[in-house]
Amino acid sequence: MFNISRKSIQWGNETLTLETGKVARQADGSVVATLGETQVMASVTFAKSAKEGQDFFPLTVHYQEKYYAAGKIPGGFFKREARPSEKETLVSRLIDRPCRPLFVEGFRNEVLVMATVLSCDLVNDPDIVAMIAASAALTISGVPFMGPIGAARVGFANGQYVLNPAMDDMTQLRNNPEQRLDLVVAGTKDAVMMVESEAYELTEEEMLGAVKFGHAAMQPVIDLIIDLAETAAKEPFDYVPADISALYGRVKAVGEAQMRAAFAIRNKQERTNAISAAVAAIKEAVSEEDRADKTLGSAIKKLESSILRGDVVSNGIRIDGRDTKTVRPIVAETGVLPRAHGSALFTRGETQGLVVTTLGTGEDEQIIDALNGNYRSNFLLHYNFPPYSVGEVGRVGSPGRREIGHGKLAWRALQAVLPAATDFPYTIRVVSEITESNGSSSMASVCGGSLSMMDAGVPLKAPVAGVAMGLILEDDGKWAVLTDILGDEDHLGDMDFKVAGTEAGITSLQMDIKVAGITPEIMEQALAQAKDGRMHILAEMNKALSAPQGFSEYAPKIETMSIPTDKIREVIGSGGKVIREIVEVSGAKVDINDDGMIKIASNDANAIKRAYDMIWSIVAEPEEGQIYTGKVVKLVDFGAFVNFFGKRDGLVHVSQIASKRLNHPNEILKEGQEVKVKLLGFDDRGKVRLGMKMVDQETGAEIAPEKKEESAEG
């Protein structure tokens with residue numbers, strides 16, 4: 001029944017196996033990839049013809065994690081997997097980005113890639129396995145895909161690169177001081193196609209070394225996919241790219257002058273309008289036969305690309321007049337919103353972000369339900385890209401894949417400089433509202449986010465800036481790296497290379513390539529230019545704010561205390577009775593973690609103190625020799641019981657009440673009376689022994705021994 005092909009290699013510390021022919025046999029290509037006990041099935045289907053008038057490549061990638069893969073039942077009311085989680089969206093992008101440029105140019109048929117996690121051993125992250133499975137499925141499907149690609153995760157611990165570190169080491173990088181890097185790299189046999197990373201101030205040399213290490217480590221995987229394809233690949237789909245050279249010649253003849261004049265306009269909106277007018281003029285000028293040609297749009301785009309790229313490579317001048325290394329003018333402002341805890345308006349050329357920071361308590365932490373368990377995040381960054389930011393009318397809805405991806409990139413860039421939760425016990429939410437966009441709005445979010453958090457008083461280890469680099473790589477081998485790219489340079493260029501970091505090093509690097517990869521020489525040049533650009537931007541940011549400011553009067557004040565874990569139950573009380581009473585009486589919010597860390601939050605310092613004192617009275621132990629203020633709760637013939645420490649009572653024996661002899665404690669004491677007592681110790685049964693006669697009842701000071709003797713003589 002089955003025609004199974006299976007190939008395996010030893011990869012790092014695990015066995016990597018690719019299998020096809022048993023599952024999902026009706027798909028054009030389906031591969032189950034297994035690394036350790038993590039298993040992902042990737043299936044590829046594609047339409048055998050393009051839709052009429054389609055002028056873009058409709059590739060859709062869905063990565064989905066099934067909770068049964070880790071022996072879990074989903075949380076929530078419905079108990080089933082629903083809309084994609086943030087990680088599922090990000091991994092879908094990880095698969096899409098290196099694969100999309102490798103489809104034959106001009107191919108417009110719809111392609112669907114679905115990667116499903118079937119098993120997760122909680123050691124090997126399924127994202128890398130999914131990328132490998134998707135590449136293998138595309139390679140054997142017959143679709144015109146110029147792969148395969150390989151993928152690898154690279155860590156950097158104790159000065160050494162690590163291939164595919166365990167999931168627990170990478171889940172929350174800033175809780176693991178030994179691990180300084182989480183980098184995912186994908187590429188072909190000859191070149192790197194995509195990089196995504198989260199780092200702790202690595203140097204340019206260390207980051208470049210990590211990329212090279214990952215690219216070398218994926219070569220056996222690429223060979224394995226080729227080996228599988230030699231035995232299991234389907235016949236290639238009969239697709240021949242259209243020859244548009246003649247049509248391009250006619251388009252260039254009628255429209256080059258007007259298009260070149262349009263690209264010479266410096267203002268983005270005016271340039272966009274002029275380019276649209278030039279396109280309309282070309283369509284009007286060509287013959288009716290050319291107007292009906294489906295490849296006319298491709299020919300016009302080729303003309304736009306040649307004008308933009310040719311000027312840069314030939315004379316080093318870009319469409320806005322800059323050379324290849326200059327950053328656009330920057331204006332940074334902080335404290336722009338009066339009621340926000342922290343805010344910044346960061347403007348770089350025609351890209352602008354209004355970035356706002358809000359400080360919250362432990363109640364505001366995000367609980368993340370993942371295959372490898374639940375964990376809490378106290379740093380959130382949300383990126384919004386409304387249509388008005390590019391002067392367009394568009395649909396406004398829930399965040400799309402682009403918004404989630406850009407927000408995560410900014411999150412990765414900033415998380416490395418956050419203070420430890422024990423030093424700064426706040427939940428931090430940063431929201432980036434992109435109000436204008438003409439290239440690199442994610443890096444504007446990084447710069448604005450750094451300024452906004454410092455404006456809110458967050459003690460960042462260092463300011464962070466980011467810059468987007470571009471590349472023009474011509475067929476004749478000439479190339480130019482561009483600093484701080486425009487939207488048109490991103491759209492018509494060959495690379496989007498984003499680098500963020502501090503003065504000390506890189507905290508995040510993201511790279512996407514639209515050609516068949518770049519060489520180490522180009523990447524080294526891009527990193528060097530990016531460092532210069534980053535230093536320039538940091539200097540401009542420092543003009544607005546160079547260090548954290550004081551707290552906003554509207555931000556909650558938080559104090560922390562740590563208690564023994566065996567005391568947590570006493571603070572919470574039966575059914576939460578005690579903790580509710582503390583909150584009601586004090587007026588403060590109280591959050592208790594499983595490790596005994598307690599956060600007390602309020603805008604009122606007195607409320608925090610009341611809650612602190614109430615908790616301390618429950619968990620603290622009285623110390624022998626200390627003097628306490630207590631209240632007489634009961635009188636008996638042999639002494640008085642005094643409540644002196646929270647709910648702790650102790651006995652003051654009648655002989656310890658006063659220096660003179662008493663027949664009964666009621667001679668000088670009454671119930672409810674406030675008294676000063678000294679803890680004398682504990683008897684054999686653990687009962688508390690207190691004394692009054694050695695304490696001055698007015699001042700609470702201990703009476704010196706000689707003074708006690710004088711008192712006895714008197």
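Trainee: Let's begin with Cys120: is it buried or exposed?

Mentor: We use relative accessible area for that: buried means under 20%, exposed means over 50%, and partly exposed is in between (1.4 Å probe, protein chains only). Cys120 has 8% relative accessibility, so it counts as buried. Cys99 is buried too, at 2%.

Trainee: Before we go on, what sort of model is this?

Mentor: It's a predicted model, where local features need pLDDT of at least 70, side-chain atom pairs count only at pLDDT 80 or more, and totals for chains, interfaces and linings use all residues. Residues are numbered from 1 along each chain as its sequence is written, and side-chain values use heavy atoms, leaving out hydrogens and water.

Trainee: Back to cysteines, then. How many disulfides does the search of the whole structure find?

Mentor: A disulfide is a covalent bond between the sulfur atoms of two cysteines. The test here is a pair of cysteine sulfur atoms within 2.5 Å. Searching the whole structure gives zero disulfides.

Trainee: Now strands. How many bridges join E1 to E2?

Mentor: Strands of a sheet pair through backbone hydrogen bonds, either parallel or antiparallel. Helices (H or I, at least four residues) and strands (E, at least two) are DSSP runs, numbered from the N terminus, and two strands pair if DSSP finds at least two bridges between them. Strand E1 (residues 5-11) and E2 run antiparallel and are joined by seven bridges. One example: Lys7 has Leu18 in E2 as its bridge partner.

Trainee: What happens at the turn of that hairpin?

Mentor: Two residues lie between the strands E1 and E2, and Gly12 takes a positive phi near 65 degrees in this hairpin. E2 also runs antiparallel to strand E3 (residues 29-35), with four bridges; there, Thr17 is partnered with Thr34 of E3.

Trainee: Why is E2 described as largely enclosed by the rest of the structure?

Mentor: Strand E2 covers residues 14-20, and five of its seven residues are buried, so the rest of the structure largely encloses it.

Trainee: How do I read a whole sheet, say the one with E22, E23 and E24?

Mentor: Start with the strand order, which is E22-E24-E23 in an open, antiparallel sheet of three strands. Strand E22 (557-562) and strand E23 (589-592) are at the edges with a single partner each, so one side of each has no neighbour in the sheet. E23 and strand E24 (residues 597-602) share four bridges, and Ile592 has Ile598 in E24 as its bridge partner.

Trainee: What is the strand order in the five-strand sheet?

Mentor: That open sheet reads E11-E12-E13-E17-E16, and its pairing is mixed. Strand E11 (330-334) and strand E16 (379-384) are the edge strands, each pairing on one side only. Here the average twist between one strand and the next is 15 degrees. Helix H13 (residues 520-544) packs on this sheet, touching E11 and strand E12 (342-348), and its direction makes about 40 degrees with that of E11. Touching, or contact, means heavy atoms within 4.5 Å.

Trainee: Which residues does the UniProt "binding site" annotation cover?

Mentor: UniProt positions follow the numbering used here, with feature names shortened, and an annotation may be inferred rather than shown by experiment. The unreviewed UniProt entry puts "binding site" on Asp490 and Asp496. Asp490 sits in helix H12 (residues 487-492) and is partly exposed at 25%. Beyond neighbours within four places in sequence, Asp490 contacts Ile485, Asp496 and Lys514.

Trainee: And where is Asp496 found?

Mentor: Asp496 is in strand E20 (residues 495-501), and it's buried, at 9%. Not counting residues up to four places away in sequence, Asp496 touches several residues, among them Ala468, Gln510 and Asp512. Its side chain also makes a polar contact of 2.6 Å with that of Lys498. A polar contact is a pair of N or O atoms within 3.5 Å; within protein, one must be able to donate a hydrogen and the other to accept it, and residues adjacent in sequence count only if both atoms are side-chain atoms.

How values were computed. Axes are lines fitted to C-alpha atoms, for helices over the stretch in contact, and angles run from 0 to 180 degrees between N-to-C directions.
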